[in-house]
Amino acid sequence: MSNVDFLLPLLVAVPMLLSTVPIVLGLRFDRTGWSVAALTTTALVAATTALANAVYATGPVSHKLGGWNPAYGIELVLDEFSALIAVLVAVTAAGVLAYTRVGGPRGNTFYSGYLLLTGGLLGISVTGDVFNLFVFLEIVGLATYAMIASGDGPESAVAALKYLILGTVGASMYLIGVGLIFMATGTLNMGVLAEVLPAAVERDPTLVRAGFAFIFVGFSMKVAQWPLHTWQPDAYQHAPDGVTPVIAAVVSTAYAYAFGRLLYSVFGPEFLTSTPYLTELVVTVGCVSVVAGSVLAVIQTDVKRMFAFSSVSQFGLIVAAYGLVTESAFVGATIHLVGHAVIKAGLFAAAGVIAISYDARTVDEYAGLADEHPLVAGMMALLLISLIGIPPSAGFVGKWYIALGAVEAQLWPVAIVVLFSTLMTLAYSARLLEKMYFTPATPLEAPHAPESVATDGGEDGGDTETAAGADAANDGAAGTRGGTETAALDAITANGDRNTVSYGMLALVVAAALLAISLGFAGGFLAGLLDPSFITEVFN
Amino acid sequence: MIELELEILASHYAYSLLFVLLGIGLYMMIANENLVKKLIGVNLFQSAIFLFFIAMAYVDGRAPIIEGKSHSVGEIASPLPQVIVLTAIVVGIALTAVGLALIIRIYAEYGTLREDTLREVRADE
């Protein structure tokens with residue numbers, strides 16, 4: 001214990017309070033939102049890092065809000081598991097801002113929503129109270145719906161409404177589960193719950209099991225497990241390009257973290273293994289999602305939609321790992337949570353960059369990308385390789401531990417599903433890689449740019465700009481061979497405001513790709529962070 | 001047997017009402033084509049949960065006002081579920097507001113509130 005615990009409530013309170021600042025300043029100044037968000041998220045990165053340092057040096061940090069007894073009041077806790085997620089959330093939130101500076105949705109209200117989202121996500125990672133978790137789930141949900149709807153097209157509002165209805169049902173299911181658990185135990189604090197639940201299970205097993213069932217269904221919806229995933233592809237596809245990286249990277253990850261926290265810290269491995277058919281159900285739901293998500297991803301034509309289905313399958317892997325209830329599987333799930341978040345943030349950011357600079361949104365339109373934009377194509381290839389799980393990359397370490405856990409638990413079908421998911425990931429990644437590197441651009445590219453200029457020349461401002469952007473990109477690429485990327489960049493930057501690729505966007509993609517690879521080498525280190533104290537405490 | 005069931009129904013009628021309301025809300029969300037009615041279904045679904053929390057905290061006795069002396073368990077209603085319901089109501093209102101805002105935008109863009117018409121309009125585009 002050290003004196004950093006005062007930072008815990010600030011992690012949640014500061015972004016939420018500051019989320020009002022862009023609106024207030026917006027009355028006088030036009031573009032202050034980004035600066036406020038950047039300052040706040042940078043401070044949050046510093047705060048979470050300081051807290052994580054303290055956690056890994058001296059053990060969990062906790063703070064009782066208002067000094068209330070944790071049995072009645074709300075306690076904030078940061079331990080070895082949640083510290084990882086808190087740092088991930090803060091770093092992603094700060095990193096994605098590099099993209100939205102030029103490319104993302106603008107306006108001060110957007111950044112208000114962004115800060116609200118960040119505060120909610122940090123709240124999910126630090127809260128030690130099951131009802132408080134529900135409130136943060138809903139705060140994150142609300143901010144996410146608003147941010148998805150900030151897209152330009154009308155489709156985004158439909159996608160957001162669909163997500164709102166399904167997301168609310170999911171959170172409400174969780175709330176019913178909390179109610180049943182509260183009936184059985186009379187407390188909402190996670191730490192106290194873990195102590196009194198075994199006695200409650202003995203008294204009235206049906207009540208606790210019913211509570212678990214509601215919580216499981218609620219989280220299956222929130223984490224997007226097949227067949228409750230239907231909101232996710234629409235939401236990811238129609239959200240603005242600058243929003244998808246943060247939603248895909250940390251929102252689902254925070255939900256999955258919360259589910260893991262409830263499974264292991266509240267219900268505990270003993271309850272999971274002693275309840276008949278419970279682990280089998282969780283593992284089955286996860287495995288079915290892996291298979292269904294990968295198969296659906298293979299048949300998609302839209303790249304963002306394909307990545308969305310890929311998320312369904314990757315989170316299926318994590319849920320299945322939770323259901324295995326072995327130490328290796330749990331470590332694998334945690335590493336895969338972090339690794340997948342980094343990879344997906346990079347992939348969606350890269351998809352956004354490509355949509356702007358190359359005007360490509362479907363798999364077929366990616367043809368010839370590597371010649372035009374070698375840097376983005378290269379980074380995307382690296383990220384796809386990490387997603388497949390080719391060593392040494394973040395995807396490999398997570399899947400390795402999960403497969404190891406499946407073998408330890410003697411559940412061979414799960415090990416086979418992990419292997420199968422790798423093959424299916426290869427199938428849809430290879431489609432993109434093949435288009436980018438081996439299909440020439442000519443049949444699609446040649447008629448593309450001139451035609452759109454010729455047809456809707458004077459009518460539509462937005463379209464002309466897009467075409468002009470693509471034109472400029474072509475010019476740049478045709479020019480110098482060595483500095484293709486920068487030449488194209490300069491050409492576009494000089495060209496106008498909306499359709500530009502900034503260095504910040506490229507930096508985000510490059511940073512995500514490099515992080516995805518280096519996390520592969522750091523896999524053992526990540527496992528070491530969890531291993532000594534947290535794992536022993538949970539599993540013994 | 002029937003007497004026992006009737007007794008359970010008489011003492012636990014709030015819980016049966018909860019599941020009836022949950023079912024109606026869920027059915028409205030799934031089956032109703034009108035987007036506003038879908039949102040009303042979500043609200044009904046949430047109200048059922050509020051009712052559940054209040055029913056669970058009910059005891060024959062006094063309101064949770066503690067005047068310094070200690071009370072035995074079961075004498076006074078637990079204030080925690082009521083606080084929870086208050087918070088959940090606030091969350092529900094925020095959700096309804098966001099949902100209605102989205103519906104207004106959908107109506108402005110597509111000129112319809114019905115999901116089947118919306119599907120046709122989107123398929124045409």
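**Exercise 1.** Among the 24 aromatic pairs that the structure holds over all chains, classify the pair formed by the rings of Tyr145(A) and Tyr163(A).

*Solution.* The model is a predicted one, in which local features need pLDDT of at least 70 and side-chain atom pairs count only at pLDDT 80 or more, while totals for chains, interfaces and linings use all residues. Residues are numbered from 1 along each chain as its sequence is written, chains are lettered from A, and side-chain values use heavy atoms, without hydrogens and water.

Step 1: rings of Phe, Tyr and Trp (its six-membered ring) pair if their centres lie within 6.5 Å, and planes under 30 degrees apart count as stacked, over 60 as edge-to-face and the rest as tilted.

Step 2: the centres of Tyr145(A) and Tyr163(A) are 5.0 Å apart and their planes stand at 85 degrees, so the pair is edge-to-face.

Step 3: this pair links distant parts of the chain, with Tyr145(A) in helix α6 (residues 130-149) and Tyr163(A) in helix α7 (residues 155-185) of chain A, 18 residues apart; helices are DSSP runs of H or I with at least four residues, numbered from the N terminus.

**Exercise 2.** Decide whether Tyr145(A) is buried or exposed.

*Solution.* Buried means under 20% relative accessible area, exposed over 50%, and partly exposed in between (1.4 Å probe, protein chains only). Tyr145(A) has a relative accessible area of 0%, so Tyr145(A) is buried.

**Exercise 3.** Name the cluster partners of Phe259(A).

*Solution.* Ring pairs link Phe259(A) into a cluster whose members include Phe81(A), Tyr174(A), Tyr322(A) and Phe330(A). Both Phe259(A) and Tyr322(A) are buried.

Notes:
Helices (H or I, at least four residues) and strands (E, at least two) are DSSP runs, numbered from the N terminus.
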